[in-house]
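User: I would like to learn how to read a sheet, its aromatic contacts and its backbone exceptions in a model of this kind. Could you take me through them step by step?

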Amino acid sequence: MIEVVASMARGPVFLAGELMECLITFSNPMSHLSTSASSEMLAWASAQIHCQFHASESRVALPTQGNKHDVQAESNTVLIPSRGERGQCVLDTPPKILFCDLRLDPGRAKPSDMNAHSSTDSYSEIVPIDGPPSYRGQAVKYVYKLTIGCQRVNSPIKLLRVPFRVLVLQGMPEPPFPQDEEVSPSNPFLEEEEASRRDARPLERALDMLMITTSRRCPHMFNITNMRGKVAKFCIFKMVYRLGEDIVGTFNFSEGDIPCLQYSVSIQSEEEIQQQHQRRPGQILSVTGHGRHMESCLHTASSHFSLPIPLNVTPGFSTDIVMLRWRLHFEFVTAREPIEPPTVLQNQSEVTVWTGAEHVDVDTFSWDLPIKVFPTNPALASYMSHFSGTNSITI
């Protein structure tokens, strides 16, 4: 019996283009004191990353693939990382051989030395930068896995899969400064060599650019009106956010002519299948809500809301199959006639109770405000991931 354990060093969430490291341990758990204990042999082991794509047949029309038949596909001695998986493999990295002819004595473990150029006992690979992000939508899914294949002598191949999440940075504006300038504030206590080496790291530069882009604040003002007149003035402080950030907005009802009885604000994502892959012409969007704030505001001069963007959702992206956008969805309930506020006399000593009208004629209307949602630091997103980053198998 051989136990294989794979554990990702820093967590199960990565930014595309980042170096992923995974410690893989092969061990013979039998005690050397056991009478049935014996050495175990593994012929070989390899690892690679692949992304599986799955689409709903009722919503997505995919091009028919040719009837390609792999003569070795049915063989149990051929490594096929996506064997037994649903959907199509849309991306994979070249496999890396971990070892050949490994002998494990009872009670001893050997971390595989997969990176011959590194002193660490880990498998390392750059997460492909040209792939889609991890996404589980209503019509399509993109799922990333690290697959470790290993084989005993004269036995079928066994596969160990470790699912992980990939964040892709799409739609970033051009940097407002030359590329050779410092992105983050310089530290005078760092030597020049260390500072330049840090700036050369793609992940560090991407996170710095992300922080700068999403930290800019510029109030945006909107007049909320319906067919009867002005309802309120709305202010939002920025239109670009990272995962985990709070969206804060304020309403000023004192400038409105139409009484607003109630409003609600929702964070929503829009999943749109690209036109050439839609199953039906004019196919409607798939809208998913991720948080809602509702408030009664009659006779209220001002109000505000704060809605957090969950860490486990997918930022906006686009592929040749699907596009994901983000928006704030507003709903307002307004009165058709003016509603007089309760009056309190200046010298009134008795307590009075104001009772609202039993029947009010109302109008309802909605408004959508597009926003942009970008990834966050993958180490932060790892805290809320439903993946553990560790998996094991016994062969």
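User: In what order do the 4 strands of the open sheet run, and what is the sense of their pairing?

Analyst: This is a predicted model, and in it the open sheet has the strand order S12-S13-S15-S18, with antiparallel pairing. Strand S12 (220-226) and strand S18 (302-308) are the edge strands, each of them pairing on one side only. From one strand to the next, the twist averages 25°.

User: How many bridges join S12 to S13, and how many residues lie between them in the hairpin?

Analyst: The antiparallel strands S12 and S13 are joined by 7 bridges, and they form a hairpin with 2 residues between them.

User: What should I keep in mind about side chains when I look along a strand, and how many residues of strand S13 are buried?

Analyst: The general idea is that side chains in a regular strand alternate between the two faces of the sheet. In this structure, strand S13 (residues 229-236) is mostly covered, with 7 of its 8 residues buried. For the chain of 395 residues, the buried share is 42%.

User: How many aromatic pairs are there, and why is the pair of Tyr 135 and Phe 317 classed as it is?

Analyst: Ring pairs are judged by the distance between centres and the angle between planes, with planes over 60 degrees apart counted as edge-to-face. The count comes to 22 aromatic pairs. The ring centres of Tyr 135 and Phe 317 are 5.3 Å apart and the planes stand at 70°, so this pair is edge-to-face. It links distant parts of the chain, since Tyr 135 belongs to strand S9 (residues 135-136) and Phe 317 to strand S19 (residues 317-318), 182 residues apart. Both Tyr 135 and Phe 317 are buried.

User: What kind of aromatic pair do Phe 251 and Phe 305 form, and are these residues buried or exposed?

Analyst: Phe 251 and Phe 305 form a tilted pair, with 6.2 Å from centre to centre and 40° between the planes. This pair too links distant parts of the chain, with Phe 251 in strand S15 and Phe 305 in strand S18, 54 residues apart. Phe 251 and Phe 305 are both buried. They also belong to a cluster linked by ring pairs, whose members include Phe 222, Phe 234, Tyr 263 and Trp 367.

User: What is the phi of His 299, and where does His 299 lie?

Analyst: Most residues other than glycine have a negative phi. His 299 is not a glycine, yet its phi is positive, at about 60°. His 299 lies in the loop between strand S17 (286-296) and S18, and with 38% relative accessibility it counts as partly exposed.

Conventions
Residues are numbered from 1 along each chain as its sequence is written. This is a predicted model: local features need pLDDT of at least 70, side-chain atom pairs count only at pLDDT 80 or more; totals for chains, interfaces and linings use all residues. Side-chain values use heavy atoms; hydrogens and water are left out. Buried means under 20% relative accessible area, exposed over 50%, partly exposed in between (1.4 Å probe, protein chains only). Two strands pair if DSSP finds at least two bridges between them. Axes are lines fitted to C-alpha atoms, for helices over the stretch in contact, and angles run from 0 to 180 degrees between N-to-C directions. Rings of Phe, Tyr and Trp (its six-membered ring) pair if their centres lie within 6.5 Å; planes under 30 degrees apart count as stacked, over 60 as edge-to-face and the rest as tilted.
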